[in-house]
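Open your viewer and get ready to select a few stretches by residue number. We will take the tour one stop at a time.

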Amino acid sequence: MSALSSLLDVDGPIARRLGEGYERRPQQAEMVDAVERTINNKGTLLVEAGTGVGKSYAYLIPAIRRASQAGERVVIATNTIALQEQLLEKDIPLLRAAMPDEFSAVLVKGRGNYVSVRRLMLASKRQERLLADGPSRTSLHTIEDWAYQTDDGSLATLPQLDRMAVWDHVRSDSGNCMGRKCGTYDKCFFQSARRRMENADLLICNHALFFSDLALRANGVGFLPPYDHVILDEAHGVEDVATDHFGVSLAETRVMRLLGQLHHERTGAGFLAHVALNEDAADDTLHNAVRGVLVATDATRKFFGDLADYAIKRGGIAQTVRISDAGIIENSMTEVFTALGIALKRVGARVLREEDRYELTGYSMRANAIAEEAKTLIDQKLPSCAYWIELQRRQGSRGGATTRVTFACSPVEVGDLLNEKLFATEKSIILTSATLATNSGKYDHLASRLGIDTEDEAVETLTLGSPFHYADQVTLHVDATMPDPRSADYSDALAERVSKHILATKGGVFVLCTSYSTMQAIVNRTREDLRAASITTLVQGQDGSRSSLLSRFREDGNAALFGTASFWQGVDVKGPALRNVIITRLPFEPPGKPITEARHEMLKEHGKDPFRDDSLPRAIIRFRQGFGRLIRSATDEGRVVVLDPRIATKGYGKSFLKAIPEGTPVVPEPMSGQSGT
């Protein structure tokens, strides 16, 4: 045991702060020592720390000590806002009081999260011609009222807007930033946040920002200041986030929003309606820019319309279609958006007001980025990527339906990129989660996907079990009598079993689904039974945000919350409000997902089995995440119910059963005296 981990002793400073009931956890002390060792050696550590180990303290303590004594900066990236809030509002303040070390810690957000006071004032002054309708102007007034009261100027505290697109007119943006020339520089929320970030020892951010910064660094730029150590908490989701941020995505809604901000086709409103030019500017300078917007609008409609037609011919509406060949449609966008960027730049060179020149520089940069992205996607310029078209069918408020189109690509494997940009650098990298291994402490799948060589002497793996007594706190109910998920009578049988298990515990249930369609079908079939039993039904996507659903669930105490992917992980409900977790189906990735198809093709080329080597380990880790929602403290207890018969009838089902905490009692369903379907 090191001197650092002794801070966790029962007579130590942390115990005194936490007060009566504190218990020293050997697993936590072991993790402190491992993290300290990795930081000192600039190595890589994969550490699975079961629920209740207290992993945040276990990595914060050595991170704080290193930052304070060596003057080295540490980035801590998490996947959820809840964990960031826990670190900044609870864990770090306690450690600051308990440890003798002097340090600073800040939450880092992307620049677009902050309001620009200058741009807000500009938008307010020009709102009648800048914004096309009343609801947009009302949303601007909401932002104004908030901006003069907010302490940090970030989206986290912004009230809900009728027209969220208005935020684009007032957010901080590097492309149009005036820097010290700005009259509101001293009041700038982003600049204040940046100064705090550049002076901080610990930077807390989310995975998306961290990997966005890492992707930018590949092109010679970046957002985060230099750092020496990286801690990736909730690291089971790292590959998916990295895959997204090393790819390219071009959405029709994003392009049309930019064009509408410049010039609204129907009303004539928009930024260009306010621009005043120098007397020596050519008469057609502004006209050419407006015409460029109209031409780009037509080109955008053709581009995304052609993509939609191509996708529909190959599979229909509301789905994702993989693209194997370059040049599937004519590229109607790159040339016209390049021309639009030039036209906007010419207007910017001739404007009377300097602030307009900065705005036009930002718009020009965005037009050029769209031109380049369209070319990259149509020509498939990025190698070793999966390309696809995504169609989303949405019902309009007046009964009509629209199809939203996105064209995107992502690397099939991010391991080589991460190895080059992260793991091969002179930094220590700690990856931790309650679920990193598949089972039996095997990290092969995660390590191979992230480009980590576990045979390297600088790489350490560590598995720390939970201190909770699962044998006494939870029972696993397995229903082998359920129909196969692919059978016709599966939906009816599933709804009947879900209702039975919700009623058995009188609510206090998470119902975890693998698709929105399945979730909605269950809700439709069970809602009346639950209402008759005075059990509140809360449904993801219908009854509020994730945070509001969780708040209502905790307060109610007897609710049934129906959720999909985001409720399988990162959700923490301690106490009797949650006493039952129903897993409706083993969480295999849905077939036909382009990145999955491409990944499996690559595995086959290397002589591997896609199911055994990829689909199964991914599903096991997700399953472990879902199982882990139930027991969040030493006093929690309840049941986990699995309504997918494959866990009992298929050979691979044993792998899921081996992945649950050792000693967990398994109860077969239906129990004696019950009947199956």
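Start by selecting E48, which sits in strand β1 (residues 44-49). Keep in mind as you look around that this is a predicted model. Is E48 buried or exposed? Its relative accessibility is 7%, so E48 counts as buried, the cut-off being under 20%. Now show what surrounds this residue: beyond its neighbours within four places in sequence, the contacts of E48 include S433, Y443, L462 and R624.

Next, colour the open sheet of seven strands, ordered β14-β15-β13-β16-β17-β12-β18 and paired in parallel. Look at β14 (537-539) and β18 (666-669): each has a single partner strand and stands at an edge, so one side of each lacks a neighbour in the sheet. On average, neighbouring strands here are turned by 20 degrees against each other, direction ignored.

Zoom in on β13 (residues 509-512) and β15 (residues 560-563), a parallel pair joined over four bridges.

Helix α20 (residues 516-532) lies across β14 and β15, at about 165 degrees to β15. Helix α23 (residues 610-627) also packs on the sheet, where it touches β12 (474-479), β13, β16 (580-583) and β17 (638-642). The direction of α23 makes about 155 degrees with that of β16.

For the last stop, colour by pLDDT. The protein has a mean of 91, with 97% of its residues at 70 or more. Residues 672-677, however, fall below 50, and this stretch has nine contacts in the model beyond near neighbours in sequence. Where pLDDT is low, the predicted coordinates should not be read in detail.

Conventions: Residues are numbered from 1 along each chain as its sequence is written. This is a predicted model: local features need pLDDT of at least 70, side-chain atom pairs count only at pLDDT 80 or more; totals for chains, interfaces and linings use all residues. Side-chain values use heavy atoms; hydrogens and water are left out. pLDDT is the predictor's confidence in each residue, from 0 to 100. Contact means heavy atoms within 4.5 Å. Two strands pair if DSSP finds at least two bridges between them. Helices (H or I, at least four residues) and strands (E, at least two) are DSSP runs, numbered from the N terminus. Axes are lines fitted to C-alpha atoms, for helices over the stretch in contact, and angles run from 0 to 180 degrees between N-to-C directions. Buried means under 20% relative accessible area, exposed over 50%, partly exposed in between (1.4 Å probe, protein chains only).
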